[in-house]
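Hi,

Here is the structure I promised to pass on to you. Have a look at it first, and my notes follow below.

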Amino acid sequence: MTGETVITVVGNLTADPELRYTQNGLPVANFTIASTPRTFDRQANEWKDGEPLFLRASVWRDFAEHVTGSLSKGARVVATGRLKQRSYQDREGNNRTSIELEIDEIGPSLRYAKAQVTRAAAAGGTRQAQQPAAEQWATPSSNEQAWTAGGSYGDDTPF
């Protein structure tokens, strides 16, 4: 949508994502991402942590179940999404405002870790088993076989 504030955050989950279901049975996962800036202090010759930003985040539907099944407390993540402002009244009747991140995409940061990605089954279980990502590219397509055998590409696009 036009005018929405889209950001990317790199940080660590402060707790396991919490999966809940709405009254209509819609899954939603909520969690907090802590992002702490680090700067190098040349005089002290060391890295120093700045003030951490704690950003509440949410994901919906199958995405929520994928996140809760894949990420846990302490995981370093890269998340992109839209900032949403929500106004409410607290228990004392005071008006409050919170800023939350509605996640569009999230995944583990591979800067300090490795990840094994597996494709999730489609809702209703209709998706066929998929080859692991590395193997999908290992077998040449018929067009690639023709090209490497000295032939040329046909009318079909190679991708």
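Which residues line the second largest pocket? They are Val10, Gly11, Asn12, Ala34, Ser35, Thr36, Arg38, Trp47, Arg76, Arg111 and Tyr112. A pocket here is an open set of points on a 1 Å grid over the protein atoms alone, where a 1.4 Å probe fits, with protein on both sides within 12 Å along at least five of seven lines; lining residues have an atom within 4 Å of a point.

Before the rest, a word on the source. This is a predicted model, in which local features need pLDDT of at least 70 and side-chain atom pairs count only at pLDDT 80 or more, while totals for chains, interfaces and linings use all residues. Residues are numbered from 1 along each chain as its sequence is written, and side-chain values use heavy atoms, with hydrogens and water left out.

Back to the pocket. Its volume is about 230 Å³, taken as the space filled by probe spheres set on the points, which are joined across faces, edges and corners. The lining splits into four nonpolar residues, four polar and three charged (Ala, Val, Leu, Ile, Met, Phe, Trp, Tyr, Cys and Pro are nonpolar; Asp, Glu, Lys and Arg are charged; the others, Gly among them, are polar). Strands β1 (6–13) and β3 (27–35) each supply at least two lining residues, and β1 gives the most, with three.

For the fold as a whole, the protein chain has three helices and eight strands (DSSP runs numbered from the N terminus: H or I of at least four residues for helices, E of at least two for strands). From the N terminus on, the order is β-β-β-β-β-β-α-β-β-α-α. Of the 159 residues, 20% count as buried (under 20% relative accessible area, with exposed over 50% and partly exposed in between, using a 1.4 Å probe and protein chains only).

One aromatic pair turned up in a search of the whole structure. The ring centres of Phe40 and Trp47 are 5.3 Å apart and their planes stand at 65°, so the pair is edge-to-face (centres within 6.5 Å; planes under 30 degrees apart are stacked, over 60 edge-to-face, the rest tilted; Trp counts by its six-membered ring). Phe40 is partly exposed, at 39% relative accessibility, and Trp47 is one of the pocket-lining residues.

Finally, Ser58 sits in strand β6 (residues 53–60) and is buried, at 10% relative accessibility. Beyond its neighbours within four places in sequence, Ser58 is in contact (heavy atoms within 4.5 Å) with Val28, Ala29, Asn30, Leu101, Glu102 and Ile103.

Best wishes
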